[in-house]
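Q: Please take a close look at one part of this model, its paired strands and the backbone of the loops that follow.

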Amino acid sequence: MLFSSRLTLLLSSIFAHISSQSCRCKTLPSRGLRVNCSSQGLRTVPRLPAEITELLLQNNLLTTVTPGHLDQLHHLQLVNLSGNPFHCDCSIQYLRQWLQRNKAISVMPVCASPAELAQRSIDELTDADFESYVSDHCFGEGELRHRERKRLKEMRMHK
């Protein structure tokens with residue numbers, strides 16, 4: 001009985017967190033909790049409970065994922081982020097690294113823009129793909145100085 005009360009309280013809390021986002025929650029027998037936010041026109045990932053095991057975010061309007069937003073979701077067994085217009089500039093690096101570390105992805109999301117990266121799988125992007133986006137937004141100040149010194153050294157070597 002106590003377990004049932006805790007589960008009811010947990011589910012009530014979860015529904016309160018995400019109900020404003022038009023997501024649907026469903027308990028899956030022996031598999032955990034599915035949060036289905038697919039095809040809702042979401043521009044940002046809603047706040048999610050750490051207990052979820054399946055996260056469906058396909059076919060929304062996501063262009064990036066806020067750094068750290070998915071880090072507490074340790075129980076994920078399935079994630080679908082496909083069908084979103086991800087913009088693959090340096091702001092997508094958090095998602096790229098998260099995808100590389102997590103193997104729960106059912107369909108790997110791809111870049112929609114910029115044109116030179118369109119249709120590339122986000123987890124397959126490399127640091128070189130972001131080199132044209134050298135700015136404080138992409139790299140820390142120390143990294144920028146290091147890259148500038150390296151560029152100047154290469155220029156001197158080619159003279």
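In which loop does Asn 59 lie?

A: Asn 59 lies in the loop between strand 3 and strand 4 (78-80); strands here are DSSP runs of E with at least two residues, helices are runs of H or I with at least four residues, and both are numbered from the N terminus. The model is predicted, so local features need pLDDT of at least 70 and side-chain atom pairs count only at pLDDT 80 or more, while totals for chains, interfaces and linings use all residues. Residues are numbered from 1 along each chain as its sequence is written, and side-chain values use heavy atoms, with hydrogens and water left out.

Asn 59 is not a glycine, yet its phi is positive, at about 60°. Its relative accessible area is 44%, which makes Asn 59 partly exposed (between buried, under 20%, and exposed, over 50%, with a 1.4 Å probe and protein chains only).

Strand 3 covers residues 54-56 and runs parallel to strand 2, with three bridges joining them; two strands count as paired if DSSP finds at least two bridges between them. Leu 55 in strand 3 is the bridge partner of Val 35. Strand 2 (residues 32-36) also pairs with strand 1 (residues 24-28), in the antiparallel sense and over five bridges. There, Arg 34 of strand 2 stands opposite Lys 26.

Three residues separate strand 1 from strand 2 in their hairpin, where Ser 30 has a positive phi near 60°. The loop between strand 2 and strand 3 holds Ser 39, a non-glycine residue with a positive phi of about 55°. As background, most residues other than glycine have a negative phi.
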